[in-house]
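Hi everyone, thanks for coming. Let me put the structure up so that we can walk through it together.

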Amino acid sequence: MGYAQILQFVISLILTNSSSLIEVATKIKERMEAGEPIMQDDLAAQMANNEEGKRLLQEAIDSAPPD
Amino acid sequence: MMSLSRARHIEAVNYTWQQTWPFLAIMVVLFAIFLSSCAAPKSFEEGLLYGYGQNAALQKSAAISLQSGAISKADATRVQTMANQATAALDAATQVGCGVTPEHVRNAPAGTPLKCLKQVPQSALEQLSLANKVLEALQSFLNNMTTKK
């Protein structure tokens with residue numbers, strides 16, 4: 001994989017993550033403005049998302065060759 | 001059959017695109033980060049949700065960047081250390097500010113509202129602030145690593 005492809009791939013990934021963050025933040029903001037409380041389910045979902053990120057990073061580190 | 005001048009024109013366009021697209025892509029990423037910060041949370045509860053979500057996104061980005069060779073194993077290990085610091089700070093902020101442990105949150109029945117204290121203790125705000133600082137540093141580190149390659 002060349003330099004350009006790697007950069008393009010990483011950028012598209014960052015963009016995807018940024019847009020999903022904006023989506024989550026906007027949704028929650030709308031609900032709070034409408035007077036709806038934030039549920040523990042919402043926090044549990046983000047905690048689970050964080051755990052998944054942690055697991056994926058650990059797996060990637062474990063399977064990567066030494067530098 | 002394509003004329004020689006047409007072929008040269010296409011070649012010139014391709015060359016220009018190859019030269020400029022990395023710059024354009026970096027500009028787009030910076031704009032996305034700017035938009036993301038505009039949607040940043042205002043309340044303590046929002047701050048917790050946003051913090052866990054952003055930490056997850058950065059760890060996933062780091063995992064795929066490592067797999068694609070865009071960052072080194074040492075860089076990924078550093079990301080992991082910082083992400084763990086952010087998680088610990090967010091967990092502490094949740095516990096002090098909302099009176100619930102991550103374990104409680106995971107086992108709460110569906111539809112239970114997240115009721116954080118109206119007067120959030122200073123220590124909880126400090127933990128959330130610490131998590132945000134670590135996340136900012138993490139994002140900056142990851143951006144530097146991926147654009148350096």
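A residue counts as buried here when its relative accessible area is under 20%, as exposed when over 50%, and as partly exposed in between, using a 1.4 Å probe and protein chains only. Helices (H or I, at least four residues) and strands (E, at least two) are DSSP runs, numbered from the N terminus.

A word on the source: this is a predicted model, where local features need pLDDT of at least 70 and side-chain atom pairs count only at pLDDT 80 or more, while totals for chains, interfaces and linings use all residues. Residues are numbered from 1 along each chain as its sequence is written, chains are lettered from A and ligands numbered from 1 in the order in which they are written, and side-chain values use heavy atoms, with hydrogens and water left out.

Let's begin with helix H2 of chain A, residues 40-63. Its 24 residues should span 34 Å at 1.5 Å a residue, and its end C-alpha atoms are 34 Å apart, which agrees; the expected span is 1.5 Å times one less than the number of residues. The buried residues in H2(A) include Leu43(A), Met47(A), Asn50(A), Leu57(A) and Ile61(A).

What does H2(A) pack at an angle of about 20 degrees with? The partner is helix H2 of chain B, residues 44-68, and the axes are 8 Å apart. Axes are lines fitted to C-alpha atoms, for helices over the stretch in contact, and angles run from 0 to 180 degrees between N-to-C directions. That angle makes H2(A) roughly parallel to H2(B), since angles under 35 degrees count as roughly parallel, over 145 as roughly antiparallel, 65 to 115 as roughly perpendicular and the rest as oblique.

Now look at H2(B) itself. Of its 25 residues, 22 are buried, so H2(B) is largely enclosed by the rest of the structure. Just after this helix, Gly69(B) has a positive phi of about 85 degrees.

Then we come to helix H3 of chain B, residues 73-98, whose axis comes within 10 Å of that of H2(A), crossing at roughly 160 degrees. That makes the two helices roughly antiparallel. Residues in contact, meaning heavy atoms within 4.5 Å, include Leu43(A), Met47(A) and Asn50(A) from H2(A), and Ala76(B), Val79(B) and Gln80(B) from H3(B).

The 26 residues of H3(B) should span 38 Å at 1.5 Å a residue; the end C-alpha atoms are 36 Å apart, which agrees. Just past H3(B), Gly99(B) takes a positive phi of about 70 degrees.
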